[in-house]
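Here are my notes on this one, point by point. Have the viewer open while you read.

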Amino acid sequence: MTSFLRPIMSKLSRSWSINPIWAMPAVFLAVLLLHGGLIGLTDDEAYYWVLAQNPSLGYAYHPPGVAWLIAASEALLGWAFGAHSEALVRLPGLLCMALTLGLGMKWMELAGAPRERLGRGAWVCLSFAGVFALSWMMVPDLPLFLGWTALFVSVWYFSFVRAAGWLGPLMALAMALTVLSKYSGVLAWASAVACLFAWAPKARRWRAIGWVSAGLLVGVLPTLIWNARHEWSSILWQLRDRHGHAELSWGRYARFWSVELFATGPAAVVFAGALLYRAFRKGAEGRVYRFVALWMLPAAAVFCVQPLWAEFKPHWAFIVWWPAVLVLGWEWASGARGASRWALGQAIYGTVLGAVVLVSCHLPLGSWALERFVGREFDPRMDVTNDLYGWDELEGFIAERFGAATLAMPVVGARYQTASQAAFALRSHRRATLLPLDLKARDEWPDLGVSAGLGPDWPKLTRPVLFVTDNRYDGAPGFPEAACQKLGRLEKRRLRYPAKWIEVWKCEPAAAQP
């Protein structure tokens, strides 16, 4: 199989009249931007859009980077595409991942891979389906990957190519972007400092470490200021509250590894272990593996251990596998002995999985499979791509069924997911809000003047509101001394399969007691 593909890929590489390091990311950007512009926002994307309408130094669950990027995208391009655009929300993340792909290819070239074979390395990178097949979603992990990769490449260049002075500000900028994206970005500082201390020229080592540390300080400062004003609620949630009721669970740990193998690719995860073993090779042969191991180990020490005692989300650990994917792509592009089997297996697996993910967003493949194997009464929530549909019809549903007067009423959701989707569907973050609110979320949502208080308990209403739920978050309104009734249900189908329902309630303050 490898001998069959080799001449084809070599011929394609030679036929390019332009640099593949920017040509392949450009194609990737165009394809996924078209894909992302044709489907609705996920719940989290709608939430980040709400945050972007009121840029702040920090937010309840994340540093401000993702909201700042969406706000910048709308400010710069809203005149052309309209501020209320799924594609415009997703453009910053796609740009981040296109640049990440290009930087990864550049590192492979710097590490010795010939340019005409970089297409192989790019294919391996793109086969990381958990990242690249989902990079049309605007989430904090995308700028995190860009900042991390830019820091990784610039530290390599400084250490092994040329200790140029201009790399200092670049390392600082990359470090700042990393920690502005996610709290876990601070782990990249440890990796960068360790590599600079080990390999950077002694005469410029401490200056480079100073630049990286300055970037860390600049990046964390906005988040620290916000947390100081909000009783450190976001940092405490990250370190303590999200891990509540922690207990040892080997079953959860097995589930973690199963999910990581599936989303990353078995070949890439197994290769990560082989990479750590090869780091013990002596001399220049083991230098690449030692360098990359220092970028894997800090994140692995956190995200590959934490699921043993607390709940996890699969994407938290993706930054652990990204260095291994880069090295696997570099080996194949360099023609390293034995690399082709690992790399080709990873590339084919990830390409098939990624294609299924992208097609499933447009066609209900998941629902078809569920009906076939579970039965006609399957739960539509089991197909997560159904969450991309239905909310865009909310405004028309309310106007058509209940009239303009009802449509003009304030809208409330009890979960950030439903409140955010309603706000984006109604094309204004000032027409929908979240109630009740805790301290860390109060600055994120507008006070529509509909209640005597904001929370954390259900407040009393002072004027009528609409209340929205869906089939994933279906809790009834709990406003005290209020009369609430269901007005109707919007039901969305994809072809013949049920996908989403959204219920609209009307809640009014109870009549004053004599």
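Predicted model: local features only at pLDDT ≥ 70, side-chain atom pairs only at ≥ 80, totals over all residues.

1. Is Ser233 buried or exposed? With a relative accessible area of 13%, Ser233 is buried, because buried means under 20%. Setting aside neighbours within four places in sequence, Ser233 is in contact with Trp226, Asn227 and Lys440.

2. You'll find Ala176 in helix α9, residues 167-181. Its relative accessible area is 10%, so Ala176 counts as buried as well. If residues up to four places away in sequence are not counted, Ala176 touches Gly215 and Gly219.

3. Now a helix pair. Two packed helices are described by the angle between their axes and the distance between the axes. For α13 (residues 250-264) and α14 (residues 266-278), the axes come within 6 Å and cross at roughly 115°. That makes α13 roughly perpendicular to α14. Which residues meet there? From α13 come Trp257, Glu260, Leu261 and Thr264, and from α14 come Pro266, Ala268 and Val269. By class, the residues of this contact split into five nonpolar, one polar and one charged.

4. On to the nonpolar interior. In soluble globular proteins, nonpolar side chains tend to be buried together. The largest nonpolar core in this model has 137 residues, and Trp107, Leu151 and Trp295 touch the most other members. Helix α16 (residues 318-334) gives the most to this core, with 13 residues. Another core lies apart from the largest one, with 10 residues, among them Val412, Val465, Phe467 and Cys507.

5. Then the sheet. Strands of a sheet pair through backbone hydrogen bonds, either parallel or antiparallel. Five strands make up an open sheet here, in the order β2-β1-β3-β5-β4, with mixed pairing. Which strands stand at the edges? They are β2 (432-434) and β4 (482-494); each has a single partner strand, so one side of each is left without a neighbour in the sheet. On average, neighbouring strands of this sheet are turned by 30° against each other, direction ignored.

6. Two pairings involve β5. Strand β3 (residues 465-470) pairs with β5 (residues 497-509) in the antiparallel sense, over six bridges. Among the bridge partners, Asp470 goes with Ile502 of β5, while Phe467 goes with Trp505 of β5. Phe467 is also listed above in the 10-residue core. As for β4 and β5, they pair in the antiparallel sense over 12 bridges, and Gln485 stands opposite Lys506 in β5.

7. Last, the turn. How many residues lie between β4 and β5 in their hairpin? There are two, and Leu495 in the turn has a positive phi of about 55°.

Key
Residues numbered from 1 in each chain as written. Heavy atoms only, no water. Buried < 20%, exposed > 50% of the residue type's maximum accessible area, 1.4 Å probe, protein only. Contact = heavy atoms within 4.5 Å. Pairing = 2+ DSSP bridges. Helix = DSSP H or I, 4+ residues; strand = E, 2+ residues; numbered from the N terminus. Axes fitted to C-alpha atoms, helices over the stretch in contact; angles between N-to-C directions. Parallel < 35°, antiparallel > 145°, perpendicular 65-115°, else oblique. Nonpolar A, V, L, I, M, F, W, Y, C, P; charged D, E, K, R; others polar. Core = buried A, V, L, I, M, F, W, Y, C linked by side-chain atoms within 4.5 Å.
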